[in-house]
Amino acid sequence: MGEIIVFTSGKGGVGKTTTIANIGAGLSQLDKKVVMLDTDMGLRNLDVVMGLEDRINYNLLDLLENRCRLNQALIKDKRFPNLFLIPASLKNVPLGQYERAFAILTEQLKSEFDYCLIDCPAGIDQGFHFATSVADRAIILITPHISAVKDASRVLHLLNGTKINKVELIINEYDEKLVRKKYMLSKNDIEELFDIPVLGTIPHDYKVIISQNKGIPVVTMHSKATRRFMYLSKQMITDCSCAEGAYAYDFS
Amino acid sequence: MIFHKSDYSSIAKERLKIMMESDTLEYSSKDIAQLKKEISALVSRYFDTPADLFEIRITLKQNQKRV
């Protein structure tokens, strides 16, 4: 039985799509069967970051409306052992009516994949509730900016009431040098504020923009970010069976 | 709170603490606005001072939450 993990943030532009693309690629290199789902209807980008935009025939909305079979909507990324993508639709539709169909679809994905990674739209509107409604686990992406941290705390609050039983943070754009100078919030500061574990940090890396311009995940290049993404991918797996309690966030 | 001159991360942390705690408090901003209005009316009555010359800040003593 696989695990459904939603990547969310509240604030936009903190790196959800980049992180999913690279953790997806990282997990598949660790011999896991992975499917990435883009739920950002109307503003799909995961396919573009992965360089798979030319291979789209069907999308998530087609699946939810039964216009195609699952196999027709799954795009296999041939550069990786077991990595698949279901893109969002170009049409922005109210998603509330599809929640049941989405729950059925994700149950099916769970039986066929080890990990189902959901790219959640920014904001806390209907799209957010749609994306988080089916997840077992959430990863909240933040940057050390006060606005991103504030929004993430709202998101954490809203996840209370879903069936998600495990929440972790990933800090993007993290700069050790600025943290040492006390210019930037540290990993410990953030852990203390949220009282949930930080899975890891990702530094700013110009290779990310190069890789996205080329349409390849940065984990295929040599860079600082590559090492962090591979580390994070491993953390996500090992963390799974963690029973110490320190890593499990309990809402009760 | 007093911080070291260039300890900007602590400033952010303290601000966030207040914001995050008031997020979870059960009160409506309408009630707080009304409370402030009533207090300032009371203060103006006793001190004969117009409301724009002073400021009302409410702090919950138990856990230092500013609302």
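In strand S4 of chain A (residues 83-86), Leu83(A) is the bridge partner of Val34(A), a residue of strand S2(A). Helices (H or I, at least four residues) and strands (E, at least two) are DSSP runs, numbered from the N terminus. S2(A) and S4(A) run parallel and are joined by four bridges. Two strands pair if DSSP finds at least two bridges between them. S2(A) also runs parallel to strand S5 of chain A (residues 115-119), with five bridges. Here Met36(A) stands opposite Leu117(A).

The model is predicted: local features need pLDDT of at least 70, side-chain atom pairs count only at pLDDT 80 or more, and totals for chains, interfaces and linings use all residues. Residues are numbered from 1 along each chain as its sequence is written, while chains are lettered from A and ligands numbered from 1 in the order in which they are written.

S2(A) spans residues 34-38, and five of its five residues are buried (20 or more other C-beta atoms within 10 Å of the residue's own, C-beta atoms being placed from the backbone). Both faces are covered. Val34(A), Met36(A) and Asp38(A) lie on one side, Val35(A) and Leu37(A) on the other. In chain B, 3% of the 67 residues count as buried. Chain B has two helices and two strands, in the order α-α-β-β from the N terminus.

Chains A and B each bring 13 residues to their contact (C-beta atoms, placed from the backbone, within 7 Å). On the side of chain A, helices H7 (146-159) and H9 (187-194) each supply at least two residues. H7(A) gives the most, with six residues.

Definitions and conventions. Contact = placed C-beta atoms within 7 Å. Buried ≥ 20, exposed ≤ 12 C-beta atoms within 10 Å, placed from the backbone.
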